[in-house]
Amino acid sequence: MLNVLFVASEAYPFAKSGGLGDVIGALPKSFPKDVDARVIIPLYSTIPEELKRKIKPICHFHIHMNATLYYCGISTCEYEGITFYFIDNESFFKRPSLYNYFDDGERFLYFCRAVLDSIPSLDFEPDIIHCNDWQTAAIPYLLRHQYRPLFPNTKCVFTIHNIKYQGIYGFSDINQYLHLGFLPSDLEYYGKINLMKGALYSADLVTTVSPTYAQEIKDPYYGEGLDSVIGDVGDHVVGILNGIDESIYTPKDDPALFVPYTTSKKKKAENKKALQDYLDLPIREDVPMISMITRLVEQKGLDLVANVIHEILQLDLQLVVLGTGEANYENLLRSIAYNYPDKMVTIIDFDESLSRKIYAASDLFLMPSKFEPCGLSQMIAMRYGAVPIVRETGGLKDTVSYFDSETNEGNGFSFATYNAHDMLFTIQKAVSLYHNDHTTFNRIVSNAFNSHFDWKRSAQMYLTHYKKLQEAAHHELHT
Ligand code: ADP
């Protein structure tokens with residue numbers, strides 16, 4: 001039996017703000033029976049009530065950090081065969097949303113320490129601690145430099161879901177959680193502490209979420225200042241493509257949909273008409289609906305959209321945007337929709353149920369990201385028969401291929417350069433195909449439907465690496 005403890009700041013269905021939540025909700029379920037994968041996340045007050053009722057306390061204790069004592073409760077529940085643990089501290093996690101607080105650095109450094117201090121009380125000895133993104137990035141460093149005696153055989157994997165968010169803080173602001181005598185070079189970044197840098201140097205294995213992104217982050221354009229560190233880590237950075245949980249994203253019996261469907265074009269069109277009605281758009285089956293469901297941040301290519309939005313809206317299409325994020329994008333998209341009431345709707349909200357209705361209703365899904373570590377939305381879109389239009393970067397490049405009319409292969413449309421007119425040209429092509437060549441467009445829809453991004457394959461790849469690390473740990477123990 002191989003014991004793996006996933007540590008993350010989100011896990012669907014308890015907490016999700018983006019793809020990370022989906023991944024941590026799905027990957028642990030996808031391993032074969034000889035892997036006992038468990039998950040530990042903060043006990044956020046935003047966890048849905050019906051799930052909160054299942055969560056039971058195990059124990060509590062206090063963590064001593066500098067002169068302060070911090071409460072730490074541990075609770076647990078089983079969900080779909082996976083044991084979840086939760087770290088409880090109301091002053092850090094009783095907040096209306098998951099992130100974007102002035103003390104995020106302290107909140108998640110507390111979480112990292114609390115996780116390491118909790119493990120001995122869990123009745124579970126991890127062979128692998130698998131950490132995810134900056135919120136958990138202190139763990140590999142602390143494990144290597146401070147907690148080794150407590151975990152002599154435990155190996156640590158660190159996965160970069162997005163290298164843009166690194167956890168950079170002033171030394172004196174967060175050192176109370178790290179207990180460092182001085183700022184070591186493994187953590188140092190322009191005089192500050194960079195938690196992700198520390199994780200990259202300290203983890204036994206670094207992975208990221210697509211093969212293309214694993215290559216891209218060696219380049220300064222994508223490396224966000226850590227490209228040289230990625231270069232140092234070198235061959236240890238492995239790209240393993242994420243999947244989606246096909247039992248959750250299933251148009252056949254997704255309770256959120258207006259009309260469930262398999263591959264039936266007619267039933268899918270009924271979803272479009274119902275959504276048009278719901279959103280007060282003209283009810284027309286013959287108009288292509290393009291959607292975006294996304295965080296409204298620069299990464300997602302919103303500059304390109306803003307640049308040519310009026311040209312896009314000259315086309316015979318409907319555009320639906322669901323997202324939350326930076327105020328400038330929220331305001332812009334809202335005001336454009338206001339000026340094109342027959343063509344565009346912007347919904348500034350995070351709404352899981354509405355997102356599924358939109359995936360189901362859409363003919364095309366736009367994701368022109370500047371960079372995209374993996375991207376799940378394009379996979380979900382394909383699962384619901386919405387053809388993706390993407391920029392060829394990161395996981396988008398690894399999952400979407402341009403339709404080739406010679407071979408009839410390809411599941412979407414794409415463009416290479418981060419350029420608004422290249423995107424516009426690609427949208428024009430897709431829309432023109434929708435209106436003028438039904439056979440070809442339907443072929444692409446069917447290729448998208450049949451593109452499966454199953455977690456099992458990715459889980460098998462993680463497992464191969466875990467086993468190598470476990471063997472190395474045994475070897476070290478006996479030499
Ligand atoms: P990222 O993790 O960078 O945000 P991904 O494409 O990997 O992007 O994952 C985004 C996930 O979050 C998808 O499941 C998508 O459907 C969901 N999502 C994004 N924005 C919203 C929103 N406003 N409402 C509901 N779901 C959303």
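Predicted model: local features only at pLDDT ≥ 70, side-chain atom pairs only at ≥ 80, totals over all residues.
Student: Which element gives the largest share of the side of domain 1 that touches domain 2?
Tutor: On this contact, 17 residues of domain 1 meet 10 residues of domain 2. Two elements each give two or more residues to the domain 1 side, H1 and helix H8 (211-216). The largest share, four residues, belongs to H8.

Student: Which domains does the shell around the ligand draw at least three residues from?
Tutor: Look at who's there: of the 19 residues around the ligand, Gly18, Gly19, Ser355, Leu376 and Ser377 come nearest. Elements giving two or more residues include helix H1 (19-26), strand S13 (289-296) and helix H14 (352-361). At least three residues come from each of domain 1 and domain 2.

Student: How many charged residues does the shell around the ligand have?
Tutor: Sort the shell by class and you get seven nonpolar and eight polar residues. The charged ones number four.

Student: Does Lys16 count as buried, exposed or partly exposed, and why?
Tutor: Lys16 carries the "binding site" annotation in an unreviewed UniProt entry, and sits in the loop between strand S1 (2-7) and H1. Leaving out residues up to four places away in sequence, Lys16 touches Glu10, Gly21 and Asp22. Buried would take 20 or more C-beta neighbours within 10 Å. Lys16 has 19 inside 10 Å, so Lys16 counts as partly exposed.

Conventions
Residues numbered from 1 in each chain as written. Near = placed C-beta within 6 Å. Nonpolar A, V, L, I, M, F, W, Y, C, P; charged D, E, K, R; others polar. Domains from an automatic or database assignment. UniProt positions renumbered as here; feature names shortened; annotations may be inferred. Buried ≥ 20, exposed ≤ 12 C-beta atoms within 10 Å, placed from the backbone. Contact = placed C-beta atoms within 7 Å.
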